[in-house]
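Please consult the sequence and the coordinates while reading.

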Amino acid sequence: MGVLDRFEKGVENAVQTAFAKSFKSGVKPVELAAALKREADARAAVVDRSRTVTPNEYSISLSATDYETVTGWGEDAMQHELEEALQVHAERQRYSFVGSVDVEFTKDDSLATGRYAVASRTTRGPVAPATSRDSQSRFPLLDVDGMRYNLTGENTTVGRGSESDIVVDDSGVSRQHIRFEVTPHGTILTDLGSTNGTFVEDQRINEVTLLDGNAITIGRTTIMYWDGIAADGED
């Protein structure tokens, strides 16, 4: 028997056992994972010799029966697992995203049980999950306690509140703690009036232009920053 690739294996290990009884008839989670993988591969577009972009937003249309099964078991949990699996696949294929990865389920009464359809689109957002520490990335990169993000927009906020672009689970961090502003002259970090302050290389700051490799501390959270690399022909 062949070995499942990392994309399918990641989803199967995470959700297939839990969904086994619920999905006796109809679509299976591993089928949806494989369908997302095919969609990502089919829609991947080569931007230049070092970068291939694939869609970051996916919609899975399900029959009424399958949709009720998904929502009854836990739609959010399954979305999360599929989103993580997409990121694993993108890491393996060296794809890039230009916005946050999102998977949603919709109900289509015209579909029979066990049938589904996948659609996707590319939507630029202020931040995107980084699939690798690619030396050719044009976007500045953050590592937030081990989670990596490319700064794909002009402004990105980090904080404890859901209104922030990057949310950190840290009681010492304000709801909107800091903002990264990507400019032609560098990335500017601004403290947004936080309670406990923002520190770059252990120095408290209000606003500063970051240097490649800077360490930023907010609350108990450490953020590493790296500059993006200019594309060929750019200064």
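Q: Which residue stands opposite F199 in β15?
A: In this predicted model, three bridges join strand β14, residues 198–200, to β15. The two strands run antiparallel. The residue of β15 that stands opposite F199 is R204.

Q: In what order do the seven strands of the open sheet lie, and which are the edge strands?
A: The pairing in this open sheet of seven strands is antiparallel. Its order is β7-β9-β8-β18-β17-β14-β15. Two of these strands, one of them comprising residues 203–205, pair on one side only. The edge strands are therefore β7 and β15.

Q: How many residues lie between β12 and β13 in their hairpin?
A: Strand β12 spans residues 178–183 and strand β13 spans residues 186–191. They pair in the antiparallel sense over six bridges, and the bridge partner of V182 in β13 is T187. Between the two strands of the hairpin lie two residues.

Q: Which residue of β16 stands opposite T190?
A: β13 is joined to strand β16, residues 207–209, by three bridges. The two strands run antiparallel. The residue of β16 opposite T190 is E207.

Q: Which element gives the most residues to the lining of the largest pocket?
A: At least two lining residues come from each of α3 (64–93), β7 (128–129), β9 (147–150) and β11 (166–167). Among the residues nearest the centre of the pocket are E84 and Q87. With six residues, the element that gives the most to the lining is α3.

Q: How do the lining residues of the largest pocket divide into nonpolar, polar and charged?
A: The lining comprises 20 residues, and the space in the pocket is about 580 Å³. P129, M147 and Y149 are among the residues nearest the centre. The lining divides into ten nonpolar, five polar and five charged residues.

Key
Residues numbered from 1 in each chain as written. Predicted model: local features only at pLDDT ≥ 70, side-chain atom pairs only at ≥ 80, totals over all residues. Heavy atoms only, no water. Helix = DSSP H or I, 4+ residues; strand = E, 2+ residues; numbered from the N terminus. 1 Å grid on protein atoms, 1.4 Å probe; cavity = no way out; pocket = protein on both sides within 12 Å on 5 of 7 lines; lining within 4 Å. Points joined across faces, edges and corners; volume = space filled by probe spheres on them. Nonpolar A, V, L, I, M, F, W, Y, C, P; charged D, E, K, R; others polar.
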